[in-house]
Amino acid sequence: MSTLADLGIAVGRVAFVMLFVLNAGGLLTWVERKQSAIMQDRIGANRARIFGLRLFGLFHPLADALKMLAKEDFRPARADRFLYELAPFVSVFFALVAFAAIPFGDTLRVGGREIPLQAVTLDVGLLYVFAMLSLGVYGVMIAGWASANNYALLGGQRAAALMISAEIAIGASIMGVVMVYGSLDLQDIVRAQGALLAGWIPRWGLVTQPLAFVLFLTAGIAATRRIPFDTPEGESEIIGYFVEYSGMKFGMFAMADFLETVVIAGLTTSLFLGGWQVPWLAADGFRFPWGATLPLPHLAVVALQVGAFTTKVAVMIFLLMLIRWTLPRFRYDQAMRLGWLGLFPLSMLNLAVTGLVLLAVRGGAA
Amino acid sequence: MRLRQRFYLVEVVAGLALTARHFFRNMAGHVARALGRRDARGAVTIQYPEERRPYAPRLRSLHRLVRREDGSPRCVACMMCETVCPARCIYIVATEHPNPDIEKMPARFDIDLGKCVFCGYCVEVCPEDAIRMDTGILEFAAYSRAGMIYTLEDLLALEPAGPDGRPTSPVPLPADRKPRWP
């Protein structure tokens, strides 16, 4: 009985994260179309309807999926069959599993059990997320190589080069956060961000590591391969790694981009925006800096935390979309220059300054 | 480039502020409209088949042939329009009118709208004011070239547009129209 309950809880945790990411990814196709439309004084897709119900075009993702599934599934004659079929799955898989280590709430206590609100509890969660994000580029490279198309191959190469320059900057900018909070476990990092600076400022990563936030966000957008860093795919002008893909396999590459956007938003939230932390909300309720307290039951606190995490992810996705629909594309050499000569040295500088400040504050003991 | 532009980040934030301003202003418009404020607008879009821009009174739309009081065409088959037509899209066959005062009338009057360039010369040249382009009808697509040919009966059945420029006679359905999904 107990093992069955444990199994159920484990499945439930994984299912929650899985559905969260998948639904968010599917919804992002709608968000992208609607948000870009509203930014550009348009209305956006609103014609798909079921039984006369339009719901602001919310049925368009469904219609898109149906269209993708009904399309011809074309494979070039000289393509490497196994790898060609494998590539989109690799892309989507690693984008999906990357979210597993990101905590969406603190520990939930129900019926004497302690359930960590996280799909997998990992001591090295941060490394795991980066490993999965980096592995995602293999899908893209395999797609470029297996298509037996020179343009696709070049697109895959551009993607690989961009990924490497972005990953280096991501890794280096994150090290500052790891130094400040002293852990590679994302749950620990989020818990540490609940402390207060000067008695009232939440000790979020945004406050302690502002430069790393900008660097991480820039490199993170590059890792999602979306505008302004979409040189690998270049929707309409440059021929990208998925030229030879059609139907739902093409859709899966688009989906992987959206999933990675969700992962980057979740990661930014966890590292810099305090994850599931609500300002001044402790385990037993609100403790405002001016002395007032508002005790809350455990379930309400957990619900607030999960809600806060979701809201922060939504805000980050809004920001990422805003950037995607505002900036023009970087030329390939500009993207490389930004990655290697801009982000990487700056993140090293950030690391050095963080180290010096920590040394001054903690006096070498830490 | 100036240093501020070279640094890029400041300009990025300025650009983001601009697009975000558009987003929130339009979003407020959309919300106000959804809450019932008919004058609020979130977008400049005109949702075409349902919403239309006002048409100018002088707009040249689908042709019609003017009827006499007894319903026969006012046209006297003088061939002026057929002669002046730069696209040569009008085809007239004349016949005798039962009334000896009128002399001629068209037995056939075909306009091939697939060729018509909507120059309005036929309207200008007509001595009897028998052909006009004031129906306000702009949608007359067909599934074949033959479907674009409007005959005497089709053209006589059309009515002038109302004072708002909207068509008053029903938009003609192409005869070769395929069955549509429900």
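The contact between the two chains draws 11 residues from chain A and 13 residues from chain B, where residues touch if their C-beta atoms, placed from the backbone, lie within 7 Å. On the side of chain A that touches chain B, helix 1 (2-39) and helix 10 (298-324) each put in at least two residues, and helix 1 of chain A has the largest share, with three residues. Helices here are DSSP runs of H or I with at least four residues, strands are E runs of at least two, and both are numbered from the N terminus.

This is a predicted model, with local features needing pLDDT of at least 70, side-chain atom pairs counting only at pLDDT 80 or more, and totals for chains, interfaces and linings using all residues. Residues are numbered from 1 along each chain as its sequence is written, while chains are lettered from A and ligands numbered from 1 in the order in which they are written.

Now for chain A itself: 11 helices and seven strands make it up. Its C-alpha atoms fill a box of roughly 65 × 55 × 50 Å along the principal axes. Of its 366 residues, 42% count as buried, meaning that 20 or more other C-beta atoms, placed from the backbone, lie within 10 Å of a residue's own. Among contacts in chain A between residues at least 6 apart in sequence, 76% link residues at least 24 apart.

One helix pair is worth a look. Residues L211(A), A212(A), L215(A), T218(A), A219(A) and A222(A) of helix 8 of chain A meet A335(A), G339(A), L343(A), L346(A), S347(A) and N350(A) of helix 11 of chain A.

How values were computed
A residue is buried if 20 or more other C-beta atoms lie within 10 Å of its own, exposed if 12 or fewer, and partly exposed in between; C-beta atoms are placed from the backbone.
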